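Here is my note on the model you sent.

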Amino acid sequence: MGRNVLMALVGIIFLFALAGCGSKSQEEVLKALDEKMDEMTGYQAEAKMTFRTGEKPQVYHVEVWHKQPSYYRVSLKNADKRQSQMILRNDEGVFVFTPALNKTFKFVSDWPKNSSQAYLYESLVKDILSDSKAKFKATDDYYVFETKTNYPNNEVVPTQEITLRKKDLAPVSVKVMDTDRKALLTVEFSNVEFNKKFDDDAFDTKKNMTGARLEVPTMAEGKEQAMAVMYPSQLPKGVQALEEKEVKGENGTRVIMTFGGKKSFTLVQEKANVLPATSMPVLVNGDPVDLGFTIGALTDRTLTWWYNGAEFTLASDDLTPEEMVMVASSVQEKAEK
């Protein structure tokens with residue numbers, strides 16, 4: 001009888017021990033995340049990023065290198081490598097490379113501190129820690145947070161679901177959702193290595209510019225191809241298309257669209273120029289912005305981006321930065337006139 005009681009007590013203690021080693025409370029997880037950020041020296045991560053903002057999902061491979069406190073190297077490539085860009089931050093500044101066009105922009109910017117970044121671990125942790133109303137649940141293997149986002153166009157995608165692995169708090173997935181809770185952006189992490197040791201020149205500007213150009217072939221020049229004109233699918237309330245005209249130039253056709261109503265803006269689309277490989281970076285007094293399918297250059301009154309061999313410029317004295325990002329993010333699908 002005594003033996004049976006002893007075994008029962010041991011079983012109960014074992015169950016409590018398992019419970020203690022399993023799920024933590026939300027407060028305990030927040031504390032652990034805060035401590036992890038203090039101890040982390042950097043990381044390397046790979047992920048699949050899927051956008052569902054157009055008719056067809058667009059899938060990108062993302063590779064992130066981060067070295068504390070402020071070195072970043074983010075490589076973005078779609079499946080066929082036609083759309084490839086790299087964001088680099090080092091002591092020289094913030095750079096965006098578009099190797100297919102030999103274009104490099106240097107930004108005077110606080111990126112990535114100025115908004116949420118679904119593929120950056122520390123940005124996700126920051127969003128979790130700063131949202132006092134974040135929802136939390138624990139499953140057998142994961143901790144799941146639902147938080148508000150900090151995007152320039154966050155009225156379109158106000159919430160995100162962030163899943164972390166229990167055993168090491170590594171990111172598993174992120175779903176950035178619209179007001180109907182439809183995931184417009186999904187990031188699925190396949191590999192995360194914390195406290196990664198990088199070479200001394202891993203974040204060197206020239207080395208990464210050269211490497212990006214070697215990895216992605218420059219777009220072929222000389223062959224004139226018809227440019228597929230694209231149109232925004234989202235406009236601010238009270239704004240509608242007014243006019244579209246084509247202007248012939250040395251580089252082909254330039255399409256100029258004007259929009260008006262409560263607010264006005266102009267959208268210009270033309271074939272992108274391929275610059276010489278020796279071209280110097282263009283200085284931009286603005287911020288790099290993630291449009292989902294590409295990285296754009298945002299200033300007070302303009303937003304410029306490149307996609308499928310075309311250059312787009314959105315200019316307005318009326319639109320807010322949030323509205324410019326919203327419009328630009330929707331210019332993805334070919335539309336019939």
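Are Asp-317 and Arg-301 buried or exposed? Both residues are exposed, where exposed means over 50% relative accessible area, buried under 20%, and partly exposed in between (1.4 Å probe, protein chains only).

1. Basis of the note. The model is predicted, so local features need pLDDT of at least 70 and side-chain atom pairs count only at pLDDT 80 or more, while totals for chains, interfaces and linings use all residues. Residues are numbered from 1 along each chain as its sequence is written, and side-chain values use heavy atoms, with hydrogens and water left out.

2. The Asp-317 and Arg-301 pair. The side chains of Asp-317 and Arg-301 form a salt bridge, with 3.6 Å from N to O. This pair links distant parts of the chain, 16 residues apart. Asp-317 sits in the loop between strand 19 (310-315) and helix 5 (321-329), and Arg-301 in the loop between strand 17 (295-298) and strand 18 (302-307). Helices (H or I, at least four residues) and strands (E, at least two) are DSSP runs, numbered from the N terminus.

3. Other salt bridges. The count is 9 salt bridges, each being a side-chain nitrogen of Lys or Arg within 4 Å of a carboxyl oxygen of Asp or Glu. Side chains of opposite charge can pair when their charged atoms come close. One of the bridges joins Arg-165 to Asp-168, whose closest N and O atoms are 2.7 Å apart. Arg-165 is partly exposed at 30% relative accessible area, and Asp-168 is partly exposed at 23%. Another bridge joins Glu-193 and Lys-196, at 4.0 Å from N to O. Glu-193 has a relative accessible area of 37% and is partly exposed; Lys-196, at 25%, is also partly exposed.

4. Helix 3. This helix covers residues 121-130 and is mostly covered, with 7 of its 10 residues buried. The buried residues are Tyr-121, Glu-122, Ser-123, Leu-124, Val-125, Asp-127 and Ile-128. Ser-123 counts as buried because its relative accessibility is 8%. Leaving aside residues up to four places away in sequence, Ser-123 touches Ser-115, Ser-116 and Gln-117; contact means heavy atoms within 4.5 Å.

5. Packing of helix 2 on helix 3. Helix 2 (residues 26-39) packs against helix 3 at an angle of about 140 degrees, and the axes are 10 Å apart. Axes are lines fitted to C-alpha atoms, for helices over the stretch in contact, and angles run from 0 to 180 degrees between N-to-C directions. Helix 2 contributes Leu-30, Leu-33, Asp-34, Lys-36 and Met-37 to the contact, and helix 3 contributes Tyr-121, Glu-122, Val-125, Ile-128 and Leu-129.

6. Nonpolar cores. A nonpolar core is a set of buried Ala, Val, Leu, Ile, Met, Phe, Trp, Tyr and Cys residues joined through side-chain atoms within 4.5 Å. The largest has 79 residues, and those with the most contacts inside it are Tyr-121, Leu-303 and Trp-305. Strand 11 (residues 183-194) gives the most to this core, with 6 residues. A second, separate core has 10 residues, among them Phe-95, Ala-202, Phe-203 and Ala-212. Not counting residues up to four places away in sequence, the contacts of Trp-305 include Leu-267, Leu-291, Phe-293, Phe-312 and Val-331.

7. Cis peptide bonds. Which residues does a cis peptide bond join with omega at about 0 degrees? They are Gln-68 and Pro-69, and Pro-69 is in the loop between strand 2 (58-67) and strand 3 (71-78). A cis peptide bond also joins Trp-111 and Pro-112, with omega about 5 degrees. Pro-112 lies in the loop between strand 6 (103-107) and helix 3.

8. Positive phi values. Most residues other than glycine have a negative phi, and most peptide bonds are trans. Arg-181 has a positive phi near 65 degrees; it lies in the loop between strand 10 (171-177) and strand 11 and is partly exposed at 46% relative accessible area. Asn-195 has a positive phi of about 55 degrees. Asn-195 is in the loop between strand 11 and helix 4 (205-215), and at 38% relative accessibility it counts as partly exposed.
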